Amino acid sequence: MIVAEALDALWSLGVAVLIWLALIVTALVLAVEALAVAVCVAVRAVWRLVRGERRPRPSWALRGRTARRYARTRPDYEEAA
């Protein structure tokens, strides 16, 4: 009887430890992914600053219809895609 209760307690503690371990690992993975995204965004921003890479047209002009309308009113503007 005492051995059965000890095994039951051991089983319960083992399950609890595994659940906590899974939660901690999940939190660590999310933190590492967030850090990777932050580093990627920062590196891309620095890269664009260093290379001077800017879009030659406004971002809304990536749509063809809007770009054509904009290009009609400004002769020095080239239509997007």
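What share of the 81 residues of the protein chain count as buried? In this predicted model, the figure is 6%. The protein chain exposes about 7,500 Å², and carbon and sulfur atoms supply 68% of that area. Its secondary structure consists of two helices and zero strands.

Helix α1 covers residues 2–51. Its length can be checked against its residue count. With 50 residues at 1.5 Å a residue, α1 should span 74 Å. The C-alpha atoms at its ends lie 73 Å apart, so the two values agree. Just after α1 comes Gly-52, which takes a positive phi of about 70 degrees.

The surface carries a nonpolar patch of about 800 Å². Trp-11, Val-15, Ile-19, Trp-20, Leu-23, Ile-24 and Leu-28 make up this patch, and Leu-23 has its place in helix α1. An α-helix has 3.6 residues a turn, so residues three or four places apart point the same way.

Together with Arg-63, Arg-65 and Arg-72, Arg-69 forms a positive surface patch.

Terms used: Residues numbered from 1 in each chain as written. Predicted model: local features only at pLDDT ≥ 70, side-chain atom pairs only at ≥ 80, totals over all residues. Heavy atoms only, no water. Helix = DSSP H or I, 4+ residues; strand = E, 2+ residues; numbered from the N terminus. Buried < 20%, exposed > 50% of the residue type's maximum accessible area, 1.4 Å probe, protein only. Areas by Shrake-Rupley, 256 points an atom, 1.4 Å probe, with all protein chains shown as cover. Patch = residues over 30% accessible without salt bridge, like charges linked within 9 Å, V, L, I, M, F, W, Y side chains within 5 Å. Salt bridge = Lys/Arg side-chain N within 4 Å of Asp/Glu carboxyl O. Lys, Arg positive; Asp, Glu negative; His and termini not counted. Charge placed at Lys NZ, Arg CZ, Asp CG, Glu CD. Expected span 1.5 Å × (residues − 1).
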